[in-house]
Amino acid sequence: MTSDTVSKSDHILFDMPVSNNGARCRIILYKKNIDQDQVDIISPLTLGGLKSPDYLALSPNGLMPSLVIQKNHPSGMKHIAESDTIARYLLSEYANVGPSFLRDNPRSNQIVRWHDMYLTTIQGCLYKPPSRFPVGDYADRKSAIDAFKRNLETIENFMADGGIYLCGNEISLADATLFPTLVFADYMLPKFGVTPALPPKLARWFSDVRAQDSIFQKVYDEIMDPLVNSWEEKNHRWDSIWLAGLRDDKPATIFDKIIAGEIPATVVKEDDHILAFKDINPMAPAHILVIPKDRNGLTRISCATAEHTDILGRLLIAAGEIAKDESLGFGDGARIVVNDGPDGGQEVMHLHVHVLGGKKLNGQLG
């Protein structure tokens with residue numbers, strides 16, 4: 001099935017209610033009162049889904065939304081991917097209908113750009129499984145969520161001081177862009193222990209714009225229905241997501257006290273992520289332990305997921321550097337060991353890497 005067989009409208013917006021990026025385009029259509037003959041909103045499932053050949057021909061990355069232009073257009077374009085490009089096309093195509101959305105307003109454009117560069121690129125930290133990490137520049141969920149929160153605070157500083165919209169008393173593209181993402185944030189961040197979910201000015205705007213503009217309440221309901229009824233209640237999406245349904249509830253260990261400085265240790269290497277110190281019961285002339293400062297669920301190596309890729313790499317790099325340090329007693333190489341659980345001889349339930357050397361070790365491993 002191809003797009004021209006599913007609708008004869010001037011345009012087809014392939015989108016689904018849960019899509020926050022598609023919702024910015026829907027807000028524009030609703031506020032401008034664009035009818036179905038002009039833009040028909042249809043699910044990508046009619047083409048076989050986001051990864052079907054027919055849909056990928058429209059959106060090479062298989063993302064929502066995508067727009068098909070079924071009438072002759074001076075640009076010669078037949079389809080457009082990416083929500084901001086689609087939104088700006090709709091604002092140009094229907095410039096003489098309804099609100100302008102302040103297309104050239106620098107405040108609006110600043111908010112939209114910041115949102116698309118620094119929120120959309122990492123929003124997956126709020127709902128993606130570990131197998132989908134890293135997100136953006138962030139290797140683990142905790143650091144991505146912290147960055148998401150910081151960028152909400154930055155966007156809050158771009159807001160105008162008065163009016164019900166982000167730029168004052170007139171709706172802008174910034175409102176259409178940011179609002180759907182805040183539906184996600186307001187619903188999902190508390191699952192990760194972030195309360196309140198939104199900075200104060202953004203929280204007031206998020207509440208006021210729904211109360212005073214029915215289109216925003218309509219879009220809020222469109223997004224929330226699948227979030228609650230499908231993602232949450234039917235699929236239990238957050239039950240298996242770290243820091244939401246899963247948390248590190250194991251007891252603290254002696255390593256936590258060493259990290260906190262409550263117990264002395266001979267530290268040989270330290271940065272923001274790892275701590276290395278001499279083992280108090282050395283099994284070789286040189287014996288160093290390397291640990292993550294934030295256990296983050298890594299009680300043992302068998303608890304590791306894709307979200308731990310970055311810290312596991314840092315631990316091994318540190319171990320390799322230590323193994324070359326002659327001042328610590330190492331010679332030509334070392335044995336680098338990770339014990340896992342009781343059967344593996346692990347005594348402290350906080351992942352740690354043993355770096356042993358200072359003499360030629362025998363080949364016995366078990």
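**Salt bridges**

I began with Asp161, which forms a salt bridge with Lys201, the closest N and O atoms being 3.8 Å apart. For a salt bridge I took a side-chain nitrogen of Lys or Arg within 4 Å of a carboxyl oxygen of Asp or Glu. Asp161 sits in the loop between H5 and H6 and Lys201 in helix H7, so the pair ties together parts that are 40 residues apart in sequence. Helices (H or I, at least four residues) and strands (E, at least two) are DSSP runs, numbered from the N terminus.

A note on what I am reading: this is a predicted model, where local features need pLDDT of at least 70, side-chain atom pairs count only at pLDDT 80 or more, and totals for chains, interfaces and linings use all residues. Residues are numbered from 1 along each chain as its sequence is written, and side-chain values use heavy atoms, with hydrogens and water left out.

I checked accessibility next, with buried meaning under 20% relative accessible area, exposed over 50%, and partly exposed in between (1.4 Å probe, protein chains only). Asp161 is exposed at 78%, while Lys201 is partly exposed at 26%.

Then I looked up Glu321, which forms a salt bridge with Lys269, their closest N and O atoms being 2.9 Å apart. Glu321 belongs to helix H10 (residues 309–322) and Lys269 to strand E5 (residues 267–270), so this pair ties together parts that are 52 residues apart in sequence.

**Nonpolar cores**

Which residues touch the most other members of the largest nonpolar core? Among its 73 residues, they are Leu90 and Trp205. A nonpolar core here is a set of buried Ala, Val, Leu, Ile, Met, Phe, Trp, Tyr and Cys residues joined through side-chain atoms within 4.5 Å. H6 gives the largest share of this core, 11 residues.

I listed the contacts (heavy atoms within 4.5 Å) of Leu90: not counting residues up to four places away in sequence, Leu90 touches Cys25, Ile28, Leu29, Val39 and Leu67. I also found a second, separate core of 17 residues, including Ile274 and Phe330.
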